[in-house]
Amino acid sequence: MNALTSHPSISPSAVTLGLFAAWAVHDLEEMATVARWSRTRVPVLRERHPGVPDRVWRSMEAVDGREFATAVAVMGLVVAAASADGYRTGGRSAFYQASLGGFGLHGLVHVAQAAVTRGYTPGVVTSPLLVVPFTLWARGRLRRAGVLRPARARDIASGLALAGAATAFSHAVARRIHRAASAR
C-alpha cells in the first residue's frame, strides 16, 4: 500500500493521473483558440509593444494549427509520463511533483499574460478555473499523505524551468516534424 492509498479520502488516480486529465482539458482550450488568437491579437500586440523583437512576433504568427496540435501531442507524452510516474510512486516521484508544480505555475503565467496583454490569451479561461485549483488540491492531498516535498524557491524555479523546457522541446519537435513533412 502506498502513501496515497493508505488515506481513504485520497484517490491516487485522481491526484496523479488527474494531472494528465486537467492538462488535457486545459490544452483543448489552447488548441481551440490559438490559431485565431495569433491571427487577430498578435498584430495588435506588435503595435502596442514595439520593443519586443520582431522574431518573437514572427514565431507567434508562424505557428499553424497542425504544428500546434503536434506540439500539444508531444507535451501530452511528457505529462502522461509524469502522471504515470506519480501513480507508480504513490505521488512521491520528483518528476511528477515538479510537473505538477510547473503545471500550476504555468497556469499563473497564463493569467499574467492576459493581464499584460489586456485581453484573452489562449489557456486563460481554464487556468484559474482548473489548472491552479487542481494543482492546489493535488498538492494538498500529497501534503496530507506526507509525501509532498517542501516548496523551496529553487523548486519553484525548477518547476517553471521544467514547464518552459518541455514547452520549448514540444514546439521544436513539432516544427521539425512539420518541416520534414513539407520537404517530402
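Predicted model: local features only at pLDDT ≥ 70, side-chain atom pairs only at ≥ 80, totals over all residues.
A polar contact is a pair of N or O atoms within 3.5 Å; within protein, one atom must be able to donate a hydrogen and the other to accept it.

## Ser-83 and its neighbours

Ser-83 sits in helix H3. Its side chain reaches the backbone nitrogen of Phe-20 at 3.2 Å. Is Ser-83 buried or exposed? Ser-83 has a relative accessibility of 1%, so it counts as buried. Which residues does Ser-83 touch, leaving aside those up to four places away in sequence? They are Thr-16, Leu-17, Leu-19, Phe-20 and Tyr-96.

## Salt bridges

Side chains of opposite charge can pair when their charged atoms come close. How many salt bridges does a search of the whole structure find? The search finds six.

| Pair | Closest N and O atoms |
|---|---|
| Glu-61 and Arg-46 | 2.6 Å |
| Glu-67 and Arg-175 | 3.8 Å |
| Arg-88 and Asp-85 | 2.5 Å |

Take Glu-61 and Arg-46, which form a salt bridge. The pair links distant parts of the chain, 15 residues apart. Glu-61 is in helix H2, residues 54–62, and Arg-46 is in helix H1. Glu-61 has a relative accessible area of 39%, so it is partly exposed. Arg-46 is partly exposed too, because its relative accessible area is 26%. Both residues belong to a network of salt bridges that links Arg-46, Asp-54, Arg-58 and Glu-61.

Next come Glu-67 and Arg-175, whose closest N and O atoms are 3.8 Å apart. Glu-67 lies in helix H3, residues 65–88, and Arg-175 in helix H6, so the pair ties together parts that are 108 residues apart in sequence. Is Glu-67 buried or exposed? Glu-67 counts as buried, because its relative accessibility is 10%. Arg-175 counts as partly exposed at 33%. Arg-175 has another distance to look at.

Arg-88 has a relative accessible area of 62%, so it is exposed. Asp-85 is buried, because its relative accessible area is 17%.

## Arg-41, a charge without a partner

Arg-41 is found in helix H1, residues 12–48. Arg-41 is buried yet has no salt bridge. Why is there none? A salt bridge needs a side-chain nitrogen of Lys or Arg within 4 Å of a carboxyl oxygen of Asp or Glu. For Arg-41, the nearest side chain of opposite charge is Glu-47, and Glu-47 is 11 Å away.

What does the side chain of Arg-41 reach? It reaches the backbone oxygen of Thr-117 at 3.0 Å. Arg-41 also touches Arg-48, Thr-117 and Arg-118, not counting residues up to four places away in sequence.

Arg-118 has a positive phi of about 55°, although it is not a glycine. Its relative accessible area is 62%, so Arg-118 is exposed.

Val-116 lies in helix H4. Val-116 counts as exposed, because its relative accessibility is 55%. The C-alpha atoms of Val-116 and Thr-33 are separated by 18 Å. These two residues are 83 residues apart along the chain.

## A nonpolar patch

Which residues make the nonpolar surface patch of about 220 Å²? They are Val-109, Ile-156 and Leu-160. Leu-160 lies in helix H6, residues 153–183. At 37% relative accessibility, Leu-160 counts as partly exposed. Helix H6 also holds Arg-175, the salt-bridge partner of Glu-67.

How values were computed. Residues numbered from 1 in each chain as written. Heavy atoms only, no water. Helix = DSSP H or I, 4+ residues; strand = E, 2+ residues; numbered from the N terminus. Buried < 20%, exposed > 50% of the residue type's maximum accessible area, 1.4 Å probe, protein only. Lys, Arg positive; Asp, Glu negative; His and termini not counted. Contact = heavy atoms within 4.5 Å. Patch = residues over 30% accessible without salt bridge, like charges linked within 9 Å, V, L, I, M, F, W, Y side chains within 5 Å. Areas by Shrake-Rupley, 256 points an atom, 1.4 Å probe, with all protein chains shown as cover.
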